[in-house]
Amino acid sequence: MSAAPATYDTTAKAFHWVTALLIFAIIPLGLIANKLPYDTSAELAQKALLFSIHKTLGVAVFFVALGRILWALSHAKPGPLHPERKAETFLAETVHWLLYGSLVIAPLTGWIHHAATTGFAPIWWPFGQDLPLVPKDEGIAHLFGSLHWVLTKVMAASILLHVAGALKHRIVDRDATLARMWFGKADVPAAPAHRAPIAAPLAAVAVFGLASAGAAAMNAGSHDEGIAAVALEEVQSGWTVMDGGTLAITITQLGSEVTGTFADWTAEIDFDSEAGPEFGNVTAQIAIGSLTLGSVTDQAMGRDFFDAEAFPTATFTGPITSDGGATYRVDGMLDLKGVTAPVTLLFDLLDQGDGTVLMQGAAEVDRLAHGIGASQNDAGTLGFGVTVDIDFMAVPSP
């Protein structure tokens, strides 16, 4: 690294132009995909396809940028042709640091956002949809989604400045700066060794710090968006459901399962294991707006799906019976989105030995029977069946 080369080596040039091709592909893909509607199965499939391409190429940018940075750190590169222009050299160095940083951090934040949520537009690389140490968490997904949005703007600004600088060297200065990064032999004058001023990376770090602060502020404000769930009143019940229970639904979107949970629901349970053939009855009420369903939560709350603003709650009620085995069943009626339809819930009761009982059950709901996602009439895009899973501990009420 002691000698100053006249041009960039072939590997550095390849990294540069491969990165450029990837970036100029994923930016328009992301912009177009964001603006596409998703009211029908065909529109949703097209939107998901473009997002999958965008994400897959974004992961490629991450690894290519890492390789480019490692190569740049271990190999000499030519110095500036006009070192006497202090301000211009400083700006060029700062933009290079911003490019290097954003080409790694912007794809990484997008990848973490994808890994922290569930569903919609899978990444096509063979190492799965998750990342180590990244849990499925909506708070993390929102934060890194905001970071990704802001950092892509830093990347775009850096690219524009980088291109503007290259055009200035080519058109105004008429020097060999651009030729040093192109393939083939070029008549390039000798340049002094490259010496990056410490102020340039510090300036880039300051820009990234300001961008991160802006993303954090955006994330804090985003929690006020969406439809607020109605507060359910407490119910009198023969059994008291303990905290920590789960009411979850699983949908199949574009061949991938997406699982979400309702944070607020009540269950009025009258049950006597010694009675029969009916052992009691159950009435459950669910606050629809309390649903968290990965990256499609907002879509699920919309008018074509749950329409949570017009139908804030759902109710399931029915008698508890048994077929003579260990499994109980409720052949009940589900009132959802203004439509009442039959649903069968099968569940098991496991005595915990201390007076508490563990209830684990499941049911299958036909979403079309309740007019949910009526425009999504292709099961390959959005499955017709929705699996409901229930898991909670209960104790007899005094």
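This is a predicted model: local features need pLDDT of at least 70, side-chain atom pairs count only at pLDDT 80 or more; totals for chains, interfaces and linings use all residues.
Local features need pLDDT of at least 70 and side-chain atom pairs count only at pLDDT 80 or more, while totals for chains, interfaces and linings use all residues. Residues are numbered from 1 along each chain as its sequence is written, and side-chain values use heavy atoms, with hydrogens and water left out.

Q: Is V172 buried, partly exposed or exposed?
A: Buried means under 20% relative accessible area, exposed over 50%, and partly exposed in between (1.4 Å probe, protein chains only). V172 has 60% relative accessibility, so the residue counts as exposed.

Q: Which helix gives the most to the nonpolar patch?
A: The surface patch is formed by F24, V163, L167, I171 and V172. Helices are DSSP runs (H or I, at least four residues), numbered from the N terminus. With four residues, the top contributor is helix α4 (residues 138-173).

Q: How much accessible area do F24, V163, L167, I171 and V172 have together?
A: Accessible areas come from the Shrake-Rupley method with a 1.4 Å probe, and for residues only the protein chains shown count as cover. For these five, the total is about 490 Å².

Q: How far apart in space are A25 and V357?
A: A25 sits in helix α1, and its 27% relative accessibility is why it counts as partly exposed. A25 and V357 are 332 residues apart in sequence, and C-alpha to C-alpha the distance is 56 Å.

How values were computed
Patches are made of residues with over 30% relative accessible area and no salt bridge: like charges are joined within 9 Å, nonpolar side chains (Val, Leu, Ile, Met, Phe, Trp, Tyr) within 5 Å. A salt bridge is a side-chain nitrogen of Lys or Arg within 4 Å of a carboxyl oxygen of Asp or Glu. Helices (H or I, at least four residues) and strands (E, at least two) are DSSP runs, numbered from the N terminus.
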